[in-house]
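This report goes through selected features of one protein chain.

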Amino acid sequence: MSEVYHVSVMADECLEMLSVKKGGTYFDATLGGGGHSERILLKGGNIVAVDRDFDAIDYVTQKFSSIEDFGGRYKIVHDNFKNVKEIMRECNVSGLDGAIADLGISSRQVDNAERGFAYGKDGVLDMRMDRSQSLSALKVVNEYSREQLSRIIFTYGEENFARKIAANIVREREKEPITTTSRLSEIICESVPPRKNGHPAKKTFQALRIEVNNELSGLGEAVCDMVDILKPGARLCVLTFHSLEDRIVKQTFSLLAKDCICDKSLPVCVCGHKATVKLIGKPLKPSQRETETNPRSKSATLRVVEKL
């Protein structure tokens, strides 16, 4: 177990924000390589951790089982964190002392060419976090209509050349199926002008990954559900890695922190909405030292709320 599965982003900042107390119960919405969960366990907390990726679950289960002090203080579940309330009921947890959701993709998923996430590696198109599901990038690229592909690439990738990329994908797949990440990357590179910053395929690959894993749908609701389960004074830390998911988290936190959400033109409040959280500080970015040692952390944003 000496290999590094995934480097947890802003781990020190997250641990500080959670203020882990011995014997408290915490929810790790995205287990990954277990970095955040391990730090909470080392502080004496108990963990319920979730991941959609069986590889992550197998890795962390093996790692944690070798640490005697962790025995009986963690439970790892194969599920989507968006089902947090059901997961907590099944684990007989009525209230959480804190929760963390690292919404980024794990380094292992990107670095393993067989998973089909990376535009810089040659592998079969896949991109499924949960490989038990049927929808994959292979299906999206080869079966979605040109209009569907264009919408996904523009909406989820914020790619200005979405229409041209989609048209070229459809044209090329009519000749033969597009089955590898390298072939898809070639088509994208031929569809967009050279870029000074970032690989030409980056935005499209992001868009396809979001579509395959349904990453944005229900995210705001899941944040609300995690807040509902927090005990008063407990905190929720959310790490985002691109503008789309960060916007959802920001707007959800803002809504939860307001006492009134009525139209400003109304003379009095009629909504009855009451704040359930308070915002903790300003959004945090990784330190220069962290971005230098782990370049993938550069796009991260940490937002924190505390339950009232």
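Helix 2 is followed by G44, whose phi is positive, near 95°. The model is a predicted one, in which local features need pLDDT of at least 70 and side-chain atom pairs count only at pLDDT 80 or more, while totals for chains, interfaces and linings use all residues. Residues are numbered from 1 along each chain as its sequence is written, and side-chain values use heavy atoms, with hydrogens and water left out.

Helices (H or I, at least four residues) and strands (E, at least two) are DSSP runs, numbered from the N terminus. Helix 2 covers residues 35-42 and is mostly covered, with six of its eight residues buried. A residue is called buried under 20% relative accessible area, exposed over 50%, and partly exposed in between (1.4 Å probe, protein chains only). The buried residues of helix 2 are G35, H36, S37, E38, I40 and L41.

G32 sits in the loop between strand 1 (25-28) and helix 2. With a relative accessible area of 10%, G32 is buried. Its C-alpha lies 8.7 Å from that of R108, although G32 and R108 are 76 residues apart in sequence.

S19 has a phi near 50°, a positive value in a residue other than glycine. S19 belongs to the loop between helix 1 (11-18) and strand 1. For E158, phi is also positive, near 50°, in a residue other than glycine. E158 is in the loop between helix 7 (146-157) and helix 8, and its relative accessibility of 35% makes it partly exposed.

**Helix pairs**

Two packed helices are described by the angle between their axes and the distance between the axes. Here the axes are lines fitted to C-alpha atoms, for helices over the stretch in contact, and angles run from 0 to 180 degrees between N-to-C directions.

| Helix pair | Axis distance | Crossing angle |
|---|---|---|
| Helix 8 (residues 162-175) and helix 9 (residues 181-189) | within 9 Å | roughly 130° |
| Helix 11 (residues 219-229) and helix 12 | within 9 Å | roughly 45° |

With axes crossing at roughly 130°, helix 8 is oblique to helix 9. With axes crossing at roughly 45°, helix 11 is oblique to helix 12. Angles under 35 degrees count as roughly parallel, over 145 as roughly antiparallel, 65 to 115 as roughly perpendicular and the rest as oblique. The crossing of helix 8 and helix 9 is right-handed, and the crossing of helix 11 and helix 12 is right-handed. A crossing is right-handed if the near helix is turned clockwise from the far one by less than a right angle, and left-handed if anticlockwise.

**Salt bridges**

Side chains of opposite charge can pair when their charged atoms come close. A salt bridge is a side-chain nitrogen of Lys or Arg within 4 Å of a carboxyl oxygen of Asp or Glu. By this rule the count comes to 24 salt bridges.

One of them joins the side chains of K85 and D225, at 3.7 Å from N to O. K85 lies in helix 4 (residues 84-90) and D225 in helix 11, so this pair ties together parts that are 140 residues apart in sequence. K85 also forms a salt bridge with D228, where the closest N and O atoms are 3.0 Å apart. D228 is in helix 11 and K85 in helix 4, so the pair connects parts 143 residues apart in sequence. K85 is partly exposed at 33% relative accessibility, and D228 is partly exposed with a relative accessible area of 47%.

D126 and R128 meet through their side chains in a salt bridge of 2.7 Å, N to O. Both D126 and R128 are buried.

**Surface residues**

What do L266, V268 and V270 form on the surface? These residues make up a nonpolar patch, with about 280 Å² of accessible area together. Patches are made of residues with over 30% relative accessible area and no salt bridge, with like charges joined within 9 Å and nonpolar side chains (Val, Leu, Ile, Met, Phe, Trp, Tyr) within 5 Å. Accessible areas come from the Shrake-Rupley method with a 1.4 Å probe, and for residues only the protein chains shown count as cover. L266 is in the loop between helix 12 (243-256) and strand 6 (277-279), and at 40% relative accessibility it counts as partly exposed.

E292 lies in helix 13 (residues 288-293). With a relative accessible area of 56%, E292 is exposed. The C-alpha atoms of E292 and K175 are separated by 43 Å, and the two residues are 117 apart along the chain.
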